[in-house]
Structure formats: structure tokens, C-alpha cells
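Morning, everyone. Please have the sequence and the model open as I talk. I'll start with local geometry, then the sheet, then the interface.

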Amino acid sequence: QKVSVEVLAHLEHLALVDFRDLEGVERLQKAIQFADQLHEVNTDGVEPMDSVLEDRWCLYLREDDVTEGNCIKELMENAREKVEEYFVAPPG
Amino acid sequence: AAMKDGLRSQVSAALKEGRVTPTELCQRCLALIKSTRFLNAYITVAEETALKQAEESEERYKRGQPLGILDGIPIAVKDNFNTAGIETTCASNMLKGYISPYNATVVQKLLDHGAVLLGKTNLDEFAMGSGSTDGVFGPVRNPWSYSKQYKEKSVPKSHSEDEESDWVITGGSSGGSAAAVSSFTCFAALGSDTGGSTRNPAAHCGVVGLKPTYGLISRHGLIPLVNSMDVPGILTRCVDDAAVLLGSLAGHDPKDSTTIQDDFKPFELPNLTDVSKLSVGIPKEYHAPGLSSDILALWSKAADLFRNAGAKVVEVSLPHTCYSIVCYHVLCTAEVASNMARFDGLEYGHRSDMKDSTESMYAATRREGFNDVVRGRILSGNYFLLKQNYEKYFVKAQKVRRLIANDFVKVFRSGVDILLTPTTLSDAAPYTEFIQEDNRTRSTQDDILTQAANMAGLPAISVPTALSERGLPVGLQFIGRSFQEKQLLTVAKWFEKQVQFPVIQLEEVKRHDSGVFQHQKSASFS
């Protein structure tokens, strides 16, 4: 099945990246076709895997202590448009 | 042959005894970088800071207080690691001119050990690719293209075209790092590995490429591609050096919550002599379609090598191997869609002049900043993450991932200690041939033997084994159990000793512009 025009537009809006041309759309079609091979695999009763470290349970929350910061100047250095301590975006 | 002895046994002693100084090493590497510029391995050369670091190292050696084996050692870092005060581009227009405000943890660790950071190496844009041909700074050339070994075997085309059109790719995406190590411009380099990006170019460039267990080395400061698979990779000229690098990099990082909390103890590799207690598994599915006959022969020869030395060599099965690439395709594009969302032109990186609205500025910035490969993956990823597709593609892929990971668990539980497989399907392709297929097709083909280790988070290493019929390097891969790097590297080191991979014999290359490539003997110091 081909991807509908509505979905293509929706994707461009979500991704904030455009397909640019027919080649871009075809690339997506091929990618979907390729991914469809997944459905050949029987995954009944299989849990999705988020992380290979799930057994070790290493994802943790640390204490809410301030350990670093006060680096506004460094963080602003790479921004092209700024005013005082604000990043500037076009209105609208 | 001296270059093979490596950091621990050769270089460190020479530095301590004053037979060579850190500044001499640094200067020689910088000179070699200049004369091998045509390889396009480096994006940025940090000459001033490197020399300063070398001088500081020299002071420490004079005082008799070097920081360790890595003190004064010139290294290179792939350009997707943040390096404070040095441009970090990811070979993309999106980050041209971006000066990192901080060091990635692995970079900081190397500097804390006294290493000398020579520069940032070239890659495929945002590490997406298997050729190191798709970055904005152009492709990286494999140093072996200019080796006596390759030239002897190749049929010369018209005389004037000889060096220009014949060159072969490095593989990718850490091609710059692999080329840098292979051409002696540094002693070790950092790469990254998400689907094989360290092991693939290592195999093509005749160097050692280590992919550590996921969670062993911090990813803080490594510009992410796939958070659940990315790892920093290590490229060196011998296995022992990889162990040295690993020792300085591994361990918990409070800034990366996906690093394990266990204590890591750096280790020296024993000189294994008896492999009779070792069980080596040969996964039959890795005899993949398209595997070249010379690599198949080398793989078989390697299995015999272990068998004849008394090891137990058994055929095993990893039945879901063939789905690994499809699974990767979905999970990778999904995570990429998320990770690339941060590039909007506001806080850093390229910003479009478009002023109509915030959204149009974002869209224009991303259109201008990303190449087709990156944009294609973002769009695909967003497709798979759409509400109507989420279960069908993303969650499905996560389930298949578990099946792939379980395949390995079953095999290792059956008594196998280590797996032996090829790293790539063939030796390095000529650039002109490689670019005839698009990036996604190539990645699909080339990642097939390396990708599953990333899915399962397992450690894997590519060891240079022999030269192909075309005179180019071929590497074989060992895959180990989670966090069993010591065993993995010990076996790899034994294998390396058995195969005695030849040293690259780089020829003089007369260039139109300048820079005669000096015979590599000048880069050794023994």
C-alpha cells in the first residue's frame, strides 16, 4: 500500500523535515517495505526489550543536588541569535 | 614489526627512558598528518593544543611522574565526540562551526591520563553510513589504497589515473579514525559503534576495532545516534593497546545513567598459550549471502587454527540473525528521529535565515543542515512512531530485538565461551563502485555481520587477519559475553599472535599539490 498524501504531510509536519522530491517519498516507501519483513517473525508471548541492561536495573534517579551549572555564558556561545540571556526565535 | 609491540611494551618504555620525547612523537604525527592529507582522515587538526599537551607531558616525564602508559601518546577522536574548545561537526552542515563547550567523558579521561589530542577524524554524516563517504567534508581514503601490497595486486589503469581513481574506501562510519591509526598518524583513536561503525572500518583498514559491552563506557558527550545501542569504540594497531585504552575509559559515569555501577578494574592481558579449555562457536548464519570466497576461506582457516591448538570448535545457531538488520532499521530510525529533534537552529549549530515563523525556521534549518541520509532516516523513524504504526513496527522490533539477544544468551549458556565470525562480507570496495548503491542499501549489506552484537549489547572485536586476493586487509570478529572483555581480548590477542598480520608498506605518493608521503619507517622510533 502506498503512503497517503495526508500521512506524508503529517510526517513532514512532525519531523520538520521535508521529503524534498519524489525520490524522498520513494525512499520512505522502500523503508516501509523493508521493515515489513519483521512481520514474518513470530513474537507471541515475547516482551519488548527497551534496554539490554534491563536485568542490571542500572537506570536510577540521583539525588536532587546541584553539582554543576552557572554556565550561561558557555551555553549561549553557540547560539546565533540571542538577546541577553534569551535565545531568540522568529515570532509566530 | 616494532609498531606491533605497542604502547605498553615499547612506547611507554621509550618515553620513560627518554629515547623519544612526547613533543617529538607529537611533531612526527603532525607532520605525517600533513603529508597524508589526501587521505582526508582528519576534519580538524588541533596542532597548538596538541603541542602544548605534549610539552606538559614532557615536563611530567622529566620529573619522573608520568600519569601512566597513555601519557604523551598522540590520539585522534572521531568528530562526533564533544571536545572543549575544538570544533565538533559530525561531518554535517548542521554543526559546522560548533565549538563544544565541554569534553565528552571519554575525551576527558584520555586527557586526564595525559594523552595528546591531535584532532578530530572524519566520518559519515552523523555516523550514518558504512563507507565514511557521506560526510560534508568528503570521503576518507583507505591508506591501503597506497600500499605496496595493494598496488602489486591491482591492474594499473591508464598511468595518469592510477592513484586518483583506484582508491578504496575505509568502511564506516569511523573511517577517519581507522585511517588515522592505520597510517600511523596516531597511536590510537576513538570511534563509535552502533551497527558496526568501529569494527567495519577496522577490518577494512587492517587495525584492531573494539566494540565494548553496552554500559561499560560512558556515552556522555558522544552525540547520540541510537541511545540503546551506541558505544564509544576503540581503534588501535594491536589488541594489547586496545586493552590499555579500555582500561583508561571504562567505568561508571554519574553523567551517563546507562553505565553500569559495578567497579571496573583495568587489566593486563595474559599471554595465553593453552587454548584447550576454550570453546569457540561458529554461528552458521554468519555464512551470509555475498560473503566473499577469500573471507570464507580465512574464517575456516581460523576455526582450524583454534581446533588444531586444542580448543573445542563447534557450529552454533543464532536463528534470528537474518532479522537483525530489519530490526535495526526500525529501531535506529525511530531513535534517530528523536535524537535529531534537538537540531533546530536555536541553541547551537546551523540556523537558517528564514524568519517567517519559528516552525518555518526550524524546517528550513533542518533542510539546509542535514543531508539526504539523515533526513531520510528521520522521516522513516517518524513513520514507524506514528500512533497507527507504533505497535506494528516499533514495539514489534523491540520484541524481535529480545529474540536476537536471547539467541546469544542460549549459545553462551550452552558452554560456548566466544564466537568467531567474519567482520565484513568482502574486502574494501573501490570508491567508484561503492557509491553506485545508495547509503541505506550499503548499510544494510555491510552491517549484517556486526549489527547483532549491538542489538544484544555484547562486546565484539575485529582483529586484522590476512590480506585478501586484492592485497587488502580482512578482519575476523570475536563476540564475547557481556562484560567479559578480558576473556574476549585475551583470545583476540592469542589469535593476533598466530596470524601475524603484515605491516602496511606505504609507498611514496607524488602528489600534484605537495607533500611526499614518507616511508612509514620514519614514523617508528625504535
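Look at the loop between β1 (82-83) and β2 (86-87) of chain A: A:E84 is found there. Strands here are DSSP E runs of at least two residues, helices are H or I runs of at least four, and both are numbered from the N terminus. A:E84 is not a glycine, yet has a positive phi of about 50 degrees. Most residues other than glycine have a negative phi, and most peptide bonds are trans.

Ground rules. This is a predicted model: local features need pLDDT of at least 70, side-chain atom pairs count only at pLDDT 80 or more, and totals for chains, interfaces and linings use all residues. Residues are numbered from 1 along each chain as its sequence is written, chains are lettered from A and ligands numbered from 1 in the order written, and side-chain values use heavy atoms, without hydrogens or water.

Over to chain B. A cis peptide bond joins B:G172 and B:S173, with omega about 10 degrees. B:S173 lies in the loop between α6 (162-165) and α7 (175-182) of chain B.

Now the sheet. In chain B, 11 strands form an open, mixed sheet, in the order β1-β3-β2-β4-β6-β5-β10-β11-β9-β7-β8. Pairing requires at least two DSSP bridges between two strands. Which strands stand at the edges? They are β1 (42-45) and β8 (312-316) of chain B; each has a single partner strand, so one side of each lacks a neighbour in the sheet. Inside the order, β7 (residues 279-283) and β9 (residues 418-422) of chain B pair in the parallel sense over 2 bridges. There, B:G281 stands opposite B:L419.

Next, the interface. Contact means heavy atoms within 4.5 Å. Chain A contributes 52 residues and chain B 71 residues. The buried area is about 5,500 Å², with 61% from carbon and sulfur atoms. That is accessible area (1.4 Å probe) lost on putting the two parts together, summed over both.

How many salt bridges link chain A and chain B? The count is 8. The criterion is a Lys or Arg side-chain nitrogen within 4 Å of an Asp or Glu carboxyl oxygen. One pair is B:K355 with A:E81, whose closest N and O atoms are 3.9 Å apart.

On the side of chain A that touches chain B, α1 (5-15), α2 (22-35) and α3 (72-77) of chain A each supply at least two residues. α2(A) gives the most, with 7 residues.
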